[in-house]
Structure formats: structure tokens, C-alpha cells
Amino acid sequence: MKGQNFVKEIPRAEYAELAKPELAMRLKFHFLQDKGIQDMGKVLTRFLPYCGLVLALGCTPTGDDISGAASRPNVIVILADDMRVGYTGYDGHPIIKTPNIDRLAEGGTVFHNAFATSAVCMPSRTTLLTGLYERRHGINFNSKSSMTNEAWARTYPMLMRDAGYYVGYIGKNHTPVGKNEDGVIGYGSGVMEASFDYWYAGHGHLGFYPKDKEKHKIFANAKADTQVEIMEEGMENFFTPDIAFQQGYDFLDSRPAGKPFALLLNFNVPHDSSTGSMQQRDSDLALYRTEYRDKIDQIELPSTYIAEADIVTPKIPESVYNGEYIKGYNYVKNPDDMKERQIRTIQTISGIDKLLGKLLDKLDDQGIADDTIIVFTSDHGLLHGEHGLGGKVLLYEPSIRIPLVVYDPRSADSRGVASSEALVALVDIAPTLLELAGVPAPPGIQGRDLGPLMQGAETKWRKVLFLENNMTIQNYPRMEAVRTDRWKYVRYFDKALDQEYADMLVASINGEEPVYEELFDLKNDPTETRNLVSDPARGEVLELLRAENAVLVKQFRGQDPLNTYTKNKN
């Protein structure tokens with residue numbers, strides 16, 4: 001009898017529940033027997049009835065789970081951090097050079113109206129993985145929670161792994177996942193590390209020099225010191241074994257030939273935690289020391305830029321938002337610092353582009369370029385001093401708009417259309433990748449498959465996009481918004497009424513009214529300078545959008561409890 005007839009794969013989220021803190025770097029059964037982990041007996045006792053003695057032999061499931069695997073596409077998602085639209089060559093930036101991102105855009109579909117529905121790292125990245133709005137997945141910095149093992153098992157990389165894909169993760173993770181048997185949830189549980197076949201990543205911000213941080217010891221084997229180049233080494237080893245790079249690690253096996261893979265390349269640039277920590281060290285590449293610096297006088301600030309000293313009337317009433325943001329975004333307060341940060345931004349985006357070029361070469365060298373789908377995007381945008389504001393979170397266009405390119409080279413006509421103006425969002429990435437890989441989407445997924453838009457096929461697409469902010473730390477108010485191709489309606493809630501995170505997600509559903517509203521005509525006012533909420537001529541539009549918001553917030557919250565853990569013994 002062949003192994004494929006009797007081997008049943010244990011869901012990663014289930015066996016990762018066993019992870020203890022000392023095993024957090026890796027809980028992977030076919031290495032446990034080699035490493036002599038003292039809990040091996042307990043592990044086997046628990047799971048032998050489930051999967052048979054073949055587990056102890058370290059066998060990998062085959063057969064039904066990966067039938068037709070050879071014809072399945074490989075999938076790579078490249079995620080920038082705090083990268084707003086307009087910072088690529090294809091998008092018309094006058095200075096930056098991004099030839100490799102431009103190659104993807106030229107051969108793929110560019111989505112010109114792509115958005116982050118939550119303009120904050122943690123909820124937005126979780127939305128990408130799950131295909132769920134934050135209102136449903138319930139993960140944010142102030143939620144003090146973690147995805148349950150069950151919820152994690154329904155993310156697109158875990159579903160693809162269960163379907164026979166080799167899954168890898170390189171870079172920054174900002175989604176707390178799982179709970180182990182000691183009750184530790186999130187980053188300390190070890191669940192996420194154990195879930196991937198290939199793990200070369202750190203939890204939280206990496207900084208420009210990740211090896212400087214004690215918590216990022218995983219990168220100690222890299223020759224480089226700078227983030228993008230460390231990730232580049234991890235990417236190269238994913239495709240081509242580097243024995244020296246793998247020395248001392250049991251979770252850096254290169255991808256097996258003949259098996260489809262899904263790779264996540266999650267950057268922490270051009271986020272402030274990285275661009276703000278650049279030091280122009282002698283060991284840095286010239287790209288990060290001198291490139292573009294001769295162009296600093298050509299940097300143009302946004303048309304609505306207001307230096308802190310020149311603010312007369314705050315964009316949002318101080319009774320709603322006090323205008324204070326974390327010091328990492330203080331560079332927006334004066335023009336010189338803003339221009340300096342833009343130089344660092346384009347330097348690090350060029351670094352991403354450089355890595356992408358090497359990645360494309362690897363795909364060509366290994367003969368898999370024509371079978372590999374690549375998605376390029378960002379977790380959200382960023383304010384560059386528009387209206388005197390910094391950071392993200394607020395639901396203005398610079399915060400919520402993102403670059404998005406989906407490149408599918410599998411056939412000459414697979415590109416379909418060169419671009420789309422449809423309202424799309426990160427919530428659509430997971431269902432799109434699952435569909436392209438032939439993996440069924442889980443029940444309850446809220447995003448939509450972008451395939452019909454990529455093919456130019458007739459499809460009934462959304463006319464209204466729901467946006468939200470539920471991060472109430474760092475002075476921000478709760479917000480809900482709806483956006484159409486022309487209109488945006490935003491509502492703000494009283495910070496004095498902030499409460500427990502889960503309760504805030506249903507507060508407006510239960511009748512809490514906003515304390516401030518905005519209405520913008522994006523067709524005639526794309527920079528959102530004129531609030532029309534008090535214009536009688538726009539009363540009908542306002543009421544329609546209020547009604548849409550009420551429907552969508554209830555729809556995306558749903559009736560079920562949040563699928564999260566909220567107790568941590570750390």
C-alpha cells in the first residue's frame with residue numbers, strides 16, 4: 001500500500017498547540033525525532049492514534065492532498081510596509097527607479113483603486129492572510145488577542161499547505177497567532193513558526209538593522225546587516241540550498257523540486273521603524289548611503305502639505321482627535337525632514353525592487369517563471385503631512401490607498417486586462433490566491449476573487465467599499481467609512497465612549513452615534529479638502545452612504561463571536 005493511501009496530515013494549527021516556549025523556534029515533527037526533544041513521547045502519544053506510526057518516520061503526506069500539484073501555480077506575495085501609491089516607476093514617480101516592479105506591472109494587472117480597509121499594520125496584514133475584515137477577524141494592537149489555532153488554519157497559506165504546497169515566510173510578521181498548551185498566545189506561542197515549512201522571520205518590527213535587536217537572533221546567520229539584504233539571503237536559500245546559511249537551523253530547507261510553493265516576503269520598509277533607523281553605515285550599500293541624494297531638491301511635497309507651524313485650523317476638530325501621533329512620524333512636521341524621509345523611502349523601495357530582480361532571475365534559472373504568480377502590494381499607505389497630519393490610521397486617501405499588481409504569466413492570454421479601476425482591497429488577496437491555486441476558500445470568507453477583473457470578464461463587482469479604524473491607542477478615534485468611485489463618507493466616534501475592543505466592534509450596530517462626520521466628492525475634490533456633510537445639496541447622498549455604512553458594518557461583523565484568544569500568561 002502506498003503512503004498516499006493511509007497517511008493523513010495533521011493540521012499545522014492543531015499540532016502547533018503543543019509548542020512550548022523553548023520549542024517556539026520550531027515544532028516540526030520530522031525534526032523532533034532527530035533532535036531528541038524531551039516531549040517527543042508526549043507528542044507521539046497524543047497523535048499516534050490520529051495519524052499512525054508513519055508520523056514517527058517523519059513522512060510527508062502525498063496523494064489526495066496534492067493531486068495535480070505539478071500543474072498548480074507557485075504563489076509569491078511581496079508585501080511592503082507603509083508604502084503609499086505613486087512610489088514606483090509604473091505609477092509615474094519622477095525620481096525612483098523600480099524596473100522590476102515595473103516588469104510585473106507591464107505583464108500583469110495593475111489595480112488603480114486598491115485599498116487597505118484598516119490602515120494599521122496588524123489588522124491589515126491579518127486581513128490579507130484571512131480574507132476577512134478586521135470587524136470579523138478581531139486582531140489589532142489594542143485587541144490584546146491572538147488568532148485561534150482554528151482561525152489560523154483557515155488562512156490562505158495554511159489552506160495551501162494542507163493542499164500540498166510547500167509554504168515559506170521571510171521577513172516581518174505582525175499577526176499574533178495561536179495558543180500553546182501552556183496558555184501562551186500570539187508571538188510567544190510558537191504556533192506560527194511551526195506552521196511554515198520554511199521560516200526566516202521575526203515578530204514585530206525588524207528595523208533597518210535586524211541583527212541589532214536581541215529578539216531577532218534568527219537572522220544571525222546572514223552575512224548582510226541590512227533588512228532587505230538579509231531577506232534577500234533568505235529568499236536565495238529558499239530556492240538554492242546554501243549549506244553555510246542553513247548551518248544550525250532545522251527550518252531553512254530549500255523548496256523541494258516538483259512541489260508547488262507559496263512564499264510570503266513581508267518587508268518592514270519603508271516603515272518608520274526601518275527608515276527612521278537608517279544610519280548610513282560604511283557597511284551599507286551605496287544605495288542606502290548616497291543613491292538619490294542628489295535629487296533631494298527635486299522632491300515635491302503633497303499639494304495639501306501643511307507644516308506643523310503653519311496649522312491654523314486642525315483638519316479634524318480637536319474634540320474628536322487631538323492631532324497627536326507617535327514621535328516616529330514627527331518628520332512630517334517640517335519640510336526638510338519630510339524630504340529627507342522621502343529619500344529614505346525611495347531608497348528602501350529600490351531595495352525591494354533589487355530583491356525582486358534577483359527573485360525573478362531565480363525563477364528563470366529554475367525554469368519555473370512561467371508557473372509562478374506574483375502579487376506586489378503594501379499593508380496600507382501613509383500620510384506625508386497632508387492637512388498637517390502624519391502616520392496612517394486616519395481614513396484619508398494617502399493612508400488607505402495601496403499599490404497592487406497581480407502578475408500571472410501562465411499563458412500568453414492570462415493577463416487579460418492591463419489595469420482595473422474597480423474597488424478592490426487586501427481582503428480580496430486570499431480568495432484570489434486560493435482560486436488561482438485550485439484550493440477551496442473557507443466558508444465565511446469576505447473578500448472576493450479578483451480573477452474576473454484580471455480577465456476582463458463581466459462580473460457584478462462591489463460599488464461600495466467599507467473602511468474602518470478600531471485602534472484606539474495612540475490617541476486615534478474609532479472610525480467607519482464607505483467609499484464609492486466618487487464619494488467617501490467617514491464617521492468618527494467619541495473617545496470618551498471607548499471600551500473593550502470586542503464591544504467597540506458592535507457599538508455602532510447597537511446604536512452608538514458618531515460625533516463627527518465627513519463627506520468628500522472625490523471626483524471634484526480628490527485631495528479631500530472640502531467637507532460637504534453640511535451641504536444641503538448633498539443630503540440625499542449623505543443619507544444613502546450612512547445607510548450603506550450601517551448595512552456593511554453589520555454584515556462584516558456577523559453574528560458569531562470573535563475567533564480569538566484573549567488571555568496571555570506572558
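Two strands are taken to pair if DSSP finds at least two bridges between them. Strands (E, at least two residues) and helices (H or I, at least four) are DSSP runs, numbered from the N terminus.

The model is predicted: local features need pLDDT of at least 70, side-chain atom pairs count only at pLDDT 80 or more, and totals for chains, interfaces and linings use all residues. Residues are numbered from 1 along each chain as its sequence is written, and side-chain values use heavy atoms, with hydrogens and water left out.

**Confidence**

pLDDT is the predictor's confidence in each residue, from 0 to 100. Its mean over the chain is 89, and 86% of the residues reach 70 or more. Over residues 1-69 pLDDT stays under 50, and the model has 120 contacts beyond four places in sequence for this stretch; contact means heavy atoms within 4.5 Å. Where pLDDT is low, the predicted coordinates should not be read in detail.

**The four-stranded sheet**

Four strands form an open sheet in the order E14-E15-E16-E17, with antiparallel pairing. Strand E14 (465-469) and strand E17 (516-521) are at the edges with a single partner strand each, so one side of each has no neighbour in the sheet. On average, neighbouring strands of this sheet are turned by 15 degrees against each other, direction ignored. Six bridges join strand E16 (residues 487-492) to E17 in the antiparallel sense. Tyr489 stands opposite Leu519 in E17.

A second topic is the open sheet of eight strands, which has mixed pairing and the order E6-E5-E7-E1-E8-E11-E2-E12. Strand E6 (198-203) and strand E12 (419-420) are its edge strands, each pairing on one side only. Strand E2 (residues 109-111) runs antiparallel to E11 and is joined to it by two bridges; Val110 has Val405 in E11 as its bridge partner.

Axes are lines fitted to C-alpha atoms, for helices over the stretch in contact, and angles run from 0 to 180 degrees between N-to-C directions. H4 lies across E2, E8 and E11, at about 65 degrees to E11. H5 packs on the sheet and touches E1, strand E5 (166-173), E7 and E8, with its direction at about 165 degrees to that of E1.

Helix H4 (residues 99-107) also meets helix H14 (residues 335-365): their axes come within 7 Å and cross at roughly 60 degrees. That makes H4 oblique to H14, given that angles under 35 degrees count as roughly parallel, over 145 as roughly antiparallel, 65 to 115 as roughly perpendicular and the rest as oblique. Pro99, Asn100, Ile101, Arg103 and Leu104 of H4 make the contact with Asp353, Leu356, Gly357, Leu360 and Asp364 of H14.

**Helix H16**

Buried means under 20% relative accessible area, exposed over 50%, and partly exposed in between (1.4 Å probe, protein chains only). Eight of the nine residues of helix H16 (residues 429-437) are buried, so H16 is largely enclosed by the rest of the structure. The buried residues pack against elements including strand E1 (74-80), helix H5 (121-130) and strand E8 (372-378). Gly438, which follows H16, has a positive phi near 75 degrees.

**Backbone exceptions**

Most residues other than glycine have a negative phi, and most peptide bonds are trans.

| Item | Backbone value | Loop |
|---|---|---|
| Val269 to Pro270 | cis, omega near 5 degrees | Pro270: between strand E7 (261-266) and helix H12 (272-275) |
| Asn475 | phi about 75 degrees | between E14 and strand E15 (479-483) |
| Glu528 | phi about 55 degrees | between E17 and helix H19 (539-557) |

Asn475 is partly exposed at 32% relative accessibility, whereas Glu528 is buried, with a relative accessible area of 1%.
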